Amino acid sequence: MRKGFIVQLCFPILFVLSSELYLKMEHGSITDQRSSTFSLLDEDHTLANSVRFTLNQDPRVEFCGYSIPHPSENRVNIRVQTTGDPAKDVLKDALQNLMVTCQHVRGTFDKAVADYKARPPMEMDADGQN
Amino acid sequence: MRKLRRSGKIGEFVSIFVNEKQRCVYVASDGGRVCRPLVIADRGISRVKEHHMKELMDGVRTFDDFLREGLIEYLDVNEENNALISLYEGEADTDTTHIEIEPFTILGVCAGLIPYPHHNQSPRNTYQLSRMDTLLYLLVYPQRPLLTTKSIELVGFDKLGAGQNATVAVMSYSGYDIEDAIVMNKSSLDRGFGRCIVLKKYSVVTEPYDRIVKPQMISSKSGYVVDSKMQILDADGIAAPGEIIRSHDLFVNKHSPKIIRDQAKPGELRETPTPVTYKGPEGETTVVDRVVLSTDVNNRLCIKFLVRHVRRPELGDKFSSRHGQKGVCGTIVQQEDFPFSERGICPDLIMNPHGYPSRMTIGKMIELLGGKAGVSSGRFHYGSAFGEPSGHADRVEAISETLVKHGFSYSGKDFIYSGITGYPLQAYIFMGPIYYQKLKHMVLDKMHARARGPRVTLTRQPTEGRSRDGGLRLGEMERDCLIAYGASMLIYERLMLSSDPYQVQVCRTCGLLGYYNYKLKTAVCSMCKNGDNVSTMKLPYACKLLFQELQSMNVVPRLKLTEA
Amino acid sequence: MKKVSFMDMPDVPKGQLPEHLELQRTRVFCGSDAPTHSEGIQYSGAYASMGIDNSLRLDSFCKKFRVEVIQLTEDEIEFDMIGIDASLANAFRRILIAEVPTMAIEKVLMVNNTSVIADEVLAHRLGLIPLDVDPRSFEYFSGNDSPNERNTIVFKLDVSCKKGARITVKSDQLKWLPNGSELEMTTPNPSAKPKSYTLFTCSQASLPEFSDKPIGPKHQDIIISKLGPGQAIELEVHAIKGIGKTHAKWSPVATAWYRMLPEVVLLKEIEGKQAEELVQKCPVNVFQEIEDIGKGKKKAVVANPRACTLCRECIRGEGWEELVAVRRVKDHFIFRIESTGALPPEDLFTEAVKILEDKCDRLISELS
């Protein structure tokens with residue numbers, strides 16, 4: 001399903017990434033680092049939507065979106081346009097943010113489960129009404 | 001005369017029909033007319049009383065007693081024109097002559113399988129009945145419909161089951177559901193939804209003096225192996241049941257004697273192998289299910305194989321609900337991409353809502369509501385034809401009340417989250433169980449391609465039919481369309497160059513076909529006995545065949561040639 | 001809705017959206033005909049014209065984020081996640097369904113099957129049986145490897161029905177073979193040593209994870225097949241590790257889903273007969289009648305909004321939509337995970353988050 005507006009114009013640089021080390025530059029000029037389209041293999045909406053969300057939260061990003069060119073193929077194109085910084089760095093920062101978010105989620109969740117298990121069973125009814 | 005019939009003096013299937021316009025009385029007693037039993041009513045009061053029904057339930061009376069005592073009679077088509085029949089006892093007035101025993105008997109057995117047919121546009125019901133004939137061989141996991149009708153229970157269809165109750169969401173999704181296509185859930189298919197078993201029979205008749213030979217071991221690099229074609233043969237040379245059979249595998253390793261008129265030279269094989277090979281789709285796991293050895297009429301050994309193939313639904317397989325809404329599987333989507341409801345349910349099938357407005361199959365919507373209520377409350381709901389007043393069909397209001405009681409919306413529309421973005425969808429989606437049937441037309445049986453292949457001997461044109469690896473016909477009407485476009489070169493290519501081009505030598509003087517003499521390397525005309533005026537041209541072979549057939553009938557088709 | 005300009009109200013604190021916009025940003029309005037404002041406004045500059053920064057800083061996220069476990073049993077967990085966006089919640093849900101690995105039966109070696117169930121159907125049913133084994137102690141089996149004790153589990157099923165009554169073959173008759181396959185491959189060379197289908201170097205029972213807890217199916221009473229007198233099934237199965245994306249049998253959850261926290265608000269005071277009607281309407285008892293001691297009239301209050309199933313009965317009918325507002329909170333998710341038994345549900349969620357982290361990690365390493 002299409003999400004975001006990926007426009008494949010001549011000038012953006014196309015990076016193709018997959019689980020094997022496979023970096024391919026496709027079109028055009030290398031001068032404009034602010035906008036790029038990243039093409040990832042073996043990915044789908046799971047990662048792409050989360051990355052899009054984290055990218056949007058970054059004030060340096062002017063535009064970001066992703067699309068899946070064809071549903072039969074496992075490929076995602078993520079487009080990033082920034083207000084000045086190179087798009088690769090912004091994407092990397094967003095991914096780092098996402099990782100930290102996940103770690104925080106994991107930590108909070110583990111603590112909540114431990115709290116729940118440590119709680120004496122009598123208190124369960126009170127919390128069930130939440 | 002009708003009194004005579006009602007008292008049993010004349011046969012009960014005799015019909016007496018009064019035609020006012022023609023002022024005559026038709027009495028018909030031939031066989032083959034369709035008759036329906038109806039309760040006789042005297043000025044609107046039914047002759048069948050309470051005590052009759054009680055006696056029927058106790059077993060004292062039978063249906064034939066009712067017939068003989070003049071309470072019920074059979075009416076055929078003509079006599080029904082003279083009768084005023086009321087559907088229910090409550091609606092009868094003084095003019096009524098007959099009362100229906102039960103309104104759903106108006107429709108036959110096949111139509112009785114459709115729930116709420118009285119809410120559908122009538123052609124849709126007719127299409128559904130034709131769909132019933134194209135039903136499938138064997139479903140692996142058949143289910144009985146959630147929304148039954150009285151007819152289904154009477155017939156016993158619920159014990160057989162020809163489809164499955166699929167959770168259907170009526171929404172537009174992915175764009176692959178256009179023109180009645182259906183989007184299916186890959187995880188549902190993994191778990192066995194829509195799987196069917198197709199059984200085919202192959203038989204081999206052995207002529208006398210044929211021998212079935214044990215497969216020979218041939219030595220190869222890794223030791224003694226059997227020839228790859230003979231992998232599945234048992235020690236007796238016949239395929240073993242339970243073996244997976246592939247294309248080009250042999251069923252029977254049979255040898256037939258060569259017809260030798262003279263004495264055979266010593267050392268020469270007296271028999272040729274005439275194996276029976278299996279031709280099937282590549283890459284599919286077909287299994288030999290059963291092998292039967294028997295004899296036919298002429299006491300020849302006859303071996304029959306039952307080959308079984310378990311088919312999983314794929315792109316192109318045809319499905320239909322019970323309301324004439326057929327559709328082909330458009331795409332198969334992962335379960336996590338599918339929308340899910342607040343209770344965590346995600347549909348098995350997504351149907352396009354564009355299939356409803358022009359088709360007007362309201363019965364399908366009511367079936368969804370009834371099925372949803374049935375699943376929540378735990379009892380089967382009924383949808384017999386014209387059954388609302390008598391209780392054989394559940395009213396929509398009652399169904400809605402059940403839905404509300406279980407926390408659903410009265411309209412059957414749920415709040416659904418998108419599986420792709422995670423946000424809720426911006427409309428409430430109509431979702432619930434509908435009984436879906438898998439139809440016989442599966443893409444594996446139909447897929448066919450030909451680039452170049454066998455030709456018919458007579459006309460040298462490509463063969464016809466998928467089994468003969470044939471081509472597709474560009475018929476007369478298609479030819480007319482091409483003519484309308486003025487695409488002459490396209491017609492030339494399609495109808496001659498791709499079909500049966502043939503080079504002929506035509507004599508300019510006599511207009512008849514000549515031949516090409518390879519020794520002299522020139523073309524010669526048989527009539528004129530020389531090769532001076534012969535030119536070559538390309539004709540369809542069928543055309544040349546036509547000329548020669550006409551010639552054989554003493555009609556002379558002469559060709560007049562001009563420069564191209 | 002009053003439209004206030006940010007400039008006109010000097011007492012509105014800076015950095016805060018006007019009330020109605022804040023409501024639109026954080027709540028889904030469930031109207032009687034359609035839900036509105038369901039999409040999240042993620043763009044950092046969405047409210048830039050008003051001078052408000054919509055971006056989510058990592059530190060503010062970490063401060064606001066909360067998890068509360070409501071219910072935890074051996075197979076199910078229900079917990080609340082507050083302060084997270086739907087994209088992330090959906091990513092976790094998708095990974096839970098499709099990308100957390102499990103062990104499931106993949107290869108079936110048939111020796112004898114004279115039952116009425118076809119070979120392929122029997123194999124299909126065996127594949128769907130959930131196994132009670134932690135997949136983290138196993139490795140993936142790729143095409144080049146040979147099956148060994150690190151990537152395969154071998155089971156055997158050997159049942160036959162004597163003359164007499166019919167018997168039902170249940171999943172407890174799947175016996176674990178810790179020493180590997182007992183069947184021999186037919187070799188072309190009759191003099192060579194027979195090769196087994198698996199190469200186990202040591203018995204799996206000797207491994208520490210399985211020494212006290214033998215591997216078997218999670219539920220012992222799953223019906224595999226039924227046999228009549230004289231019929232028998234003899235087969236051997238190999239189970240390997242996989243993910244739900246390839247086939248649903250490898251999905252570790254029966255299902256995993258979330259819903260947003262319902263919020264039901266009474267826009268006006270509802271008293272007397274109307275209050276009674278409202279309380280009656282709701283099938284899950286969201287509303288309750290309370291005696292208002294001061295005025296002496298009965299008043300309806302929202303007692304249990306969490307139970308709301310969005311049947312929309314309370315807003316069905318004339319005029320009710322102005323009285324009752326049914327909404328959903330966009331950043332409060334009630335997650336439910338129902339595990340099939342291989343991993344306990346809290347471990348499943350942790351694994352899912354780890355998988356998302358791994359994906360990001362891989363992408364980061366590719367980028368640099």
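Let's start in chain C, where strand β6 (residues 153-160) and strand β12 (residues 232-242) run antiparallel to each other, paired over 8 bridges. Bear in mind that this is a predicted model.

**The chain C sheet**

- The β6-β12 pair belongs to an open sheet of 4 strands, ordered β5-β12-β6-β8, with antiparallel pairing.
- At the edges you'll find β5 (102-113) and β8 (174-176) of chain C; each has a single partner strand, so one side of each is left without a neighbour in the sheet.
- From one strand to the next, the twist averages 25°.
- If you want one specific bridge to look at, take D158(C), whose partner in β12(C) is E234(C).
- There's a helix to go with the strands: α4 (residues 119-127) of chain C lies across β5 and β12, and its direction is at about 150° to β5(C).

**Chain B: domains**

**Chain B: the UniProt annotation**

- An unreviewed UniProt entry carries the annotation "domain: RNA polymerase Rpb2", which covers residues 1-41, 63-95 and 470-560 of chain B.
- Residues 1-41 of chain B come out as 12% helix and 41% strand, with 17 Å between the end C-alpha atoms.
- For residues 63-95 of chain B, the figures are 30% helix and 21% strand, and the end C-alpha atoms lie 26 Å apart.

**Positive phi without glycine**

- D42(A) has a phi near 60°, a positive value in a residue other than glycine.
- You'll find D42(A) in the loop between β2 (35-41) and α1 (45-57) of chain A.
- D42(A) counts as partly exposed because it has 14 C-beta neighbours inside 10 Å.
- K529(B) also isn't a glycine, and its phi is positive, near 60°.
- The loop that holds K529(B) runs between β33 (522-524) and β34 (534-540) of chain B.
- K529(B) has 7 C-beta neighbours inside 10 Å, so it counts as exposed.

Technical notes:
Residues numbered from 1 in each chain as written. Chains lettered and ligands numbered in written order. Predicted model: local features only at pLDDT ≥ 70, side-chain atom pairs only at ≥ 80, totals over all residues. Pairing = 2+ DSSP bridges. Helix = DSSP H or I, 4+ residues; strand = E, 2+ residues; numbered from the N terminus. Axes fitted to C-alpha atoms, helices over the stretch in contact; angles between N-to-C directions. Contact = placed C-beta atoms within 7 Å. UniProt positions renumbered as here; feature names shortened; annotations may be inferred. Buried ≥ 20, exposed ≤ 12 C-beta atoms within 10 Å, placed from the backbone.
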